[in-house]
Amino acid sequence: MPFHLPLPETPRLETDRLVLRPLRLEDIPAVQRHFPHWAMVCHLVAKVPWPYPDDGAEINVRECLEKRARGEQFYWALTLKHGDDELIGRIDLRPDAGLGAMRGFWLAQEYWGRGLMTEAADAVNAFAFEVLDWPFIEVTTNSANRGSQRIKEKQGFTLVYVGVGGYVEGEREMSFWRLTQEAWRSRRGYAG
Ligand SMILES: CC(C)(COP(=O)(O)OP(=O)(O)OC[C@H]1O[C@@H](n2cnc3c(N)ncnc32)[C@H](O)[C@@H]1OP(=O)(O)O)[C@@H](O)C(=O)NCCC(=O)NCCS
């Protein structure tokens with residue numbers, strides 16, 4: 001079984017422009033401020049509540065921290081390296097459960113289009129493959145979510161199949177993507 005539970009502690013990861021640190025309760029106000037916007041949620045899976053309740057971030061962050069305490073999932077707050085430590089986005093990682101839901105992310109709208117999520121996702125992929133030695137990462141996207149799909153393409157994910165999924169905006173085409181450790185290493189020029 002390549003996915004060992006419970007997971008180790010969530011490490012602090014750094015990229016050129018970001019610090020990825022463990023999510024914490026103090027992040028609730030920033031999540032409630034940055035997340036509940038239609039452009040943010042419309043392509044997300046239907047389990048995201050919409051309209052988003054006033055205590056939506058609190059419920060979600062508490063649930064995440066419970067899963068984290070059980071060692072089931074990693075949750076990172078994205079913060080700017082030279083900023084004030086405020087959460088500006090999230091990235092999550094969890095072992096395979098056959099659902100294509102191993103990694104998820106969102107970023108506050110004012111930061112879109114600067115390559116920041118690609119940077120964060122690169123660091124998380126490196127952690128999954130180099131440190132955890134996971135054999136693959138499988139994810140799904142709403143095919144209408146061009147920004148998210150493009151990140152997978154840039155990172156070398158292969159489109160495995162296309163189906164149908166339930167999203168906040170309704171039923172839409174769903175793309176299922178896989179990146180193997182082997183493909184990731186060969187793109188990075190590793191010998192083996
Ligand atoms: C998806 C999301 C995380 C992208 O964050 P980001 O920091 O803007 O992403 P990046 O800048 O690293 O990369 C986005 C890529 O998609 C491209 N892109 C963005 N919107 C696009 C569109 N409508 N059509 C085509 N390409 C698009 C960008 O040009 C960029 O590619 P490039 O580097 O080749 O130019 C952000 O838009 C977001 O939080 N969306 C809402 C939540 C969400 O959809 N999460 C993912 C669920 S699967």
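Predicted model: local features only at pLDDT ≥ 70, side-chain atom pairs only at ≥ 80, totals over all residues.
Residue numbers start from 1 along each chain as its sequence is written.

**Figure 1. The shell around the ligand.** The ligand is surrounded by 21 residues, where a residue is near a molecule or strand if its C-beta atom, placed from the backbone, lies within 6 Å of it. M117, T118, R146, G147 and R150 are the closest. Two or more residues of the shell come from each of β5 (103-107), α4 (116-131) and α5 (146-154); helices (H or I, at least four residues) and strands (E, at least two) are DSSP runs numbered from the N terminus. α5 supplies the largest share of the shell, 6 residues. By residue type the shell holds 9 nonpolar, 8 polar and 4 charged residues. Here Ala, Val, Leu, Ile, Met, Phe, Trp, Tyr, Cys and Pro count as nonpolar, Asp, Glu, Lys and Arg as charged, and the others, Gly among them, as polar.

Figure 2. S148, I151 and K152 of α5 are buried. They lie on the same side of α5 because they cover an arc of only 100° around the axis, the arc being that of the directions from the helix axis to the C-beta atoms. R146, E153 and K154, on the other side of α5, are exposed. A residue is buried if 20 or more other C-beta atoms lie within 10 Å of its own, exposed if 12 or fewer, and partly exposed in between, with C-beta atoms placed from the backbone. The cover over the buried residues of α5 includes α4, β6 (136-142) and β8 (170-180); for such contacts, the C-beta atoms of two residues, placed from the backbone, lie within 7 Å. Just after α5, G156 has a positive phi of about 90°.

**Figure 3. The open sheet of 3 strands.** The strand order is β6-β8-β7, with antiparallel pairing; two strands pair if DSSP finds at least two bridges between them. β6 and β7 (158-167) are the edge strands, each pairing on one side only. From one strand to the next the twist averages 25°. Axes are lines fitted to C-alpha atoms, for helices over the stretch in contact, and angles run from 0 to 180 degrees between N-to-C directions. β7 and β8 are joined by a hairpin through 2 residues, and their antiparallel pairing extends over 9 bridges. β7 is hardly covered, with 1 buried residue among its 10 residues.

**Figure 4. The open sheet of 5 strands.** Pairing in this sheet is antiparallel, in the order β1-β2-β3-β4-β5. Its edge strands are β1 and β5, and each pairs on one side only. Strand β1 (residues 13-14) and strand β2 (residues 18-22) are paired over 2 bridges and form a hairpin with 3 residues between them. L13 stands opposite L20 in β2, while the bridge partner of E14 in β2 is V19. On to strand β3 (residues 74-80), β2 pairs in the antiparallel sense over 5 bridges; there P22 has W76 in β3 as its bridge partner. Helix α4 lies across β1, β2, β3, β4 (89-93) and β5, and runs at about 155° to β5.

**Figure 5. R62 in helix α3.** R62 belongs to helix α3 (residues 56-69). R62 is exposed because 12 other C-beta atoms lie within 10 Å. Between the C-alpha atoms of R62 and W184 the separation is 33 Å, for two residues that are 122 residues apart along the chain.
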